[in-house]
Amino acid sequence: MKEYMKLIRIKHYTKNLLIFLPIIFSRNLLEVDLLTNVIFGFVLFCLTASIVYIFNDIKDIESDKLHPQKCKRPIASGKITKKQAIFIIIILAIVTMEIALTKFANNLEIICILLIYVGINIAYTIKLKKIPIVDIFILAMGFLIRVIFGATLISVQVSNWLYLTILSISFYMGMGKRRNEMIKVSDNEETREVLKYYNKNFLNENMYMFLALAIVFYSLWCVDMSNKFQYIMYTIPLIMFLAMQYSLAIEKGTHGDPVEVILENKKLVIGILISIVLIIVLIYV
C-alpha cells in the first residue's frame, strides 16, 4: 500500500490546497454549499493530478532508472509494474469522471479546466519539458490553473493582484527547481535534458526577479484590500519572512521541488500555517 501511495504522490496534494485560496479571499469560506463544492473540487483535482503523475512515471521509466533519486519511484524501482500502473490510471479516471459528471455535470467550465490541465501535462511529459522556458512556463501554469479552478468552483473572479502574485511565485519556484537540478548536474548526477539550455546566472537572476515581483504584487493586493480588511497590511512582513526562509532552504542544495522544500522545513511549515490562520482571522473577523 505504501508504494501505491508513493505512486499517486499523496504528499503532492498539498499543491492542490491552492484551490481554497479564492474561497478564502472572497470571504465565502463559511458558505457551506460553496465550501462543499471546493472540497469536491479538491478531491477531483487530486485524482486528476495522480493520473498525470502516473503517466509521467510510465513515460519516464527508463530515464528515471538512471536518476539517483527518481530510481526509487515505485515503477522505476520495479515495485509496481507498468501494467499495474496503467490499471490504476484507469480506476482513477473512472472515479474522476464519476465525480465530475455527478457533482459538476452542469458546469462544463470546471470539466474543461481539468481537461486542459491533463492535456498540458501530457504534452509536457511527451515533448514540452525538453523545450527551455516552455518547461518552466508549464510548471508555473500548473499552480495558476489550481487557483483558477478554485475560483471557477464558486463562480468568482481571481483579483488581478492575486493572479499576478500566484503567477510570479510560481515562476520563482519553477526556476528554483531547475536551478537546483542544474547544481546536481555539476555533482555528476543524471538529470533532465532541458538543463543543457540553461545556466545558473540566468536562472538565479530570473528566479529572484520573480520573487521580488511576487512580494510587490502581494503588497499591492494588500493595499487594494486595506479598505475591506483593515489590518491585512500587517501580513506583508510575514510573507517576506516566508520568502526568505524558502530561498534559504533551496540554497542548501536540495533538488528544489517546492513540496519537498516546504514539507522538510519546519520553520516554513509553521510560518505558512501561521500566515494562513492570520489571513483568515484578518479577513473574517
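In the predicted model, Arg-9 is located in the loop that joins helix H1 (2–7) to H2. The phi angle of Arg-9 is near 55°, a positive value in a residue other than glycine, and with a relative accessibility of 13% Arg-9 counts as buried. Most residues other than glycine have a negative phi. A positive phi is also found at Ser-155, where the angle is near 55° and the residue is again not a glycine; Ser-155 is placed in the loop between H7 and H8. Whereas Arg-9 is buried at 13% relative accessibility, Ser-155 is exposed, its relative accessible area being 65%.

Turning to the chain as a whole, the model contains 12 helices and zero strands, so that the order of elements from the N terminus on reads α-α-α-α-α-α-α-α-α-α-α-α. The C-alpha trace spans about 55 × 50 × 30 Å along its principal axes. For a chain of 285 residues, a compact globule would have a radius of gyration near 19 Å, and the value of 19 Å found for this chain agrees with that expectation. Of the 285 residues, 48% count as buried, and the accessible surface of the chain comes to about 14700 Å², with 67% of that area belonging to carbon and sulfur atoms. Among the contacts in the chain with a separation of 6 or more, 74% are accounted for by residues 24 or more positions apart.

Helix H12 comprises 19 residues and reaches 27 Å from its first C-alpha to its last, close to the 27 Å expected at 1.5 Å a residue. Its buried residues are Leu-268, Gly-271, Ser-275, Ile-279, Leu-282 and Ile-283. Viewed down the axis of H12, these buried residues fall within an arc of 90°, and they therefore line one face of the helix. The cover over the buried residues of H12 includes H2, H9, H10 and helix H11 (258–263), while on the other side of H12 the residues Lys-266, Leu-273 and Val-277 are exposed.

Helix H6 (residues 108–126) likewise has 19 residues, and its reach from the first C-alpha to the last is 27 Å, close to the 27 Å expected at 1.5 Å a residue. The buried residues of H6 are Ile-110, Ile-111, Ile-113, Leu-114, Tyr-117, Asn-121, Tyr-124 and Thr-125. Seen down the axis of H6, they fall within an arc of 160°, so that they line one face of the helix; the face turned away from this buried side carries the exposed residues Leu-108 and Leu-115.

Tyr-124, which lies in helix H6, counts as buried at 10% relative accessibility. Apart from its neighbours within four places in sequence, Tyr-124 is in contact with Lys-129, Asp-135, Ile-138, Leu-139, Arg-178 and Arg-192. Tyr-124 and Val-134 are 10 residues apart in sequence, and their C-alpha atoms are 8.8 Å apart in space.

Lys-82 belongs to helix H5 (residues 82–103) and is partly exposed, its relative accessible area being 42%. Lys-82 and Glu-31 are 51 residues apart along the chain, and a distance of 43 Å separates their C-alpha atoms.

Conventions. Residues are numbered from 1 along each chain as its sequence is written. This is a predicted model: local features need pLDDT of at least 70, side-chain atom pairs count only at pLDDT 80 or more; totals for chains, interfaces and linings use all residues. Side-chain values use heavy atoms; hydrogens and water are left out. Helices (H or I, at least four residues) and strands (E, at least two) are DSSP runs, numbered from the N terminus. The expected span of a helix is 1.5 Å times one less than its number of residues. Buried means under 20% relative accessible area, exposed over 50%, partly exposed in between (1.4 Å probe, protein chains only). The arc is that of the directions from the helix axis to the C-beta atoms. The radius of gyration is taken over C-alpha atoms; the globule rule is 2.2 Å times the number of residues to the power 0.38. Contact means heavy atoms within 4.5 Å. Accessible areas come from the Shrake-Rupley method with a 1.4 Å probe; for residues, only the protein chains shown count as cover.
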